[in-house]
Amino acid sequence: IQAVAKSSKEVGEKLSKNLTVPIVALGVAAVAMAADAEVAMKKFAKAFEGSTDEAAAGVELLNKSFGVAESSAISAMAFTGDLLKGFGATGEQALATSLEVQKLAAALSASDGIAFEEASMRVTKALTGETDGLKDLGFVIRQTDIDQQLMLKGQQNLTGSAQTMAK
């Protein structure tokens, strides 16, 4: 009887270690992913308020044209759109710019072999002036280049959010 009890205990410990713990971990990960998806959807709806149909079309475009997962496209567009709204962009401006950023990120992902999410984050950060992440991808953006482009467009005297959006 003691041998059976010992064997049963060992089996129970192995099941707990090899089956129960991973199942619990998967459950925790699933809950976290669902929470992240809900936050992304709320941010997406807020960033593109009034243009949600067009934004949804952008997600579909990224999915069909570039193979970007819908959840990744929503999250990336929401992050970039939210950032742009903070700069003073309208919903339409945020949508147009966010979609262009995500198209560029998808192209960089395909050509440079980095994850779409990483490429999107690097390009989005460049909008705030953090261009170091683009150097690894072969792009160097200097303030003088930005100033020159503003001058060419006649936007060198802009201030505030108009200047931020022009950059």
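Phe-87 lies in the loop between α3 and α4 of this predicted model, where helices (H or I, at least four residues) and strands (E, at least two) are DSSP runs numbered from the N terminus. At 21% relative accessibility, Phe-87 counts as partly exposed, a class that falls between buried, under 20% relative accessible area, and exposed, over 50%, as found with a 1.4 Å probe on protein chains only. From C-alpha to C-alpha, Phe-87 is 9.4 Å from Thr-128 in space, although 41 residues separate the two in sequence. Because the model is predicted, local features need pLDDT of at least 70 and side-chain atom pairs count only at pLDDT 80 or more, while totals for chains, interfaces and linings use all residues. Residues are numbered from 1 along each chain as its sequence is written, and side-chain values use heavy atoms, with hydrogens and water left out.

The chain as a whole contains 8 helices and 0 strands, and its pattern along the sequence reads α-α-α-α-α-α-α-α. Of its 167 residues, 26% count as buried. When contact is taken to mean heavy atoms within 4.5 Å, residues 24 or more positions apart make up 52% of the contacts in the chain with a separation of 6 or more.

In soluble globular proteins, nonpolar side chains tend to be buried together. In this model, the largest nonpolar core has 29 residues, and those with the most contacts inside it are Phe-44, Phe-48, Val-59, Leu-62, Val-68, Met-77 and Phe-116; such a core is a set of buried Ala, Val, Leu, Ile, Met, Phe, Trp, Tyr and Cys residues joined through side-chain atoms within 4.5 Å. At least two residues of this core come from each of α1 (2-47), α2 (52-66), α3 (70-86), α4 (91-112) and α5 (116-126), and α4 gives the most, with 7 residues. Phe-44 and Phe-48 are both buried. Rings of Phe, Tyr and Trp (its six-membered ring) pair if their centres lie within 6.5 Å, with planes under 30 degrees apart counted as stacked, over 60 as edge-to-face and the rest as tilted. By this rule the count comes to 1 aromatic pair. The ring centres of Phe-44 and Phe-48 are 5.2 Å apart and their planes stand at 75 degrees, so this pair is edge-to-face.

The packing of helices was described with axes, which are lines fitted to C-alpha atoms, for helices over the stretch in contact, and with angles that run from 0 to 180 degrees between N-to-C directions. Angles under 35 degrees count as roughly parallel, over 145 as roughly antiparallel, 65 to 115 as roughly perpendicular and the rest as oblique. The axes of α2 and α3 come within 9 Å and cross at roughly 130 degrees, and these two helices are therefore oblique to each other. In this contact, Ala-55, Gly-58, Val-59, Leu-62 and Asn-63 of α2 meet Glu-70, Ala-73, Ile-74 and Met-77 of α3. Ala-73, which belongs to helix α3, is buried with a relative accessible area of 0%. Leaving out residues up to four places away in sequence, Ala-73 touches Val-59, Leu-62, Val-68 and Phe-116.

The axes of α2 and α4 come within 11 Å and cross at roughly 10 degrees, which makes α2 roughly parallel to α4. The residues that make this contact are Glu-54, Ala-55, Gly-58, Leu-61, Leu-62 and Phe-66 of α2, together with Leu-95, Leu-99, Gln-102, Lys-103 and Ala-106 of α4.

For α4 and α5, the axes come within 8 Å and cross at roughly 130 degrees, and the two helices are therefore oblique to each other. Here Val-101, Gln-102, Leu-104, Ala-105, Ala-106, Leu-108 and Ser-109 in α4 meet Phe-116, Ala-119, Ser-120, Val-123 and Thr-124 in α5. Not counting residues up to four places away in sequence, Phe-116 touches Val-68, Ser-72, Ala-73, Ala-76, Gln-102, Ala-105, Ala-106 and Ser-109. Ser-120, found in helix α5, is buried with a relative accessible area of 3%, and, apart from neighbours within four places in sequence, Ser-120 is in contact with Ala-76, Thr-80, Val-101, Gln-102 and Ala-105.
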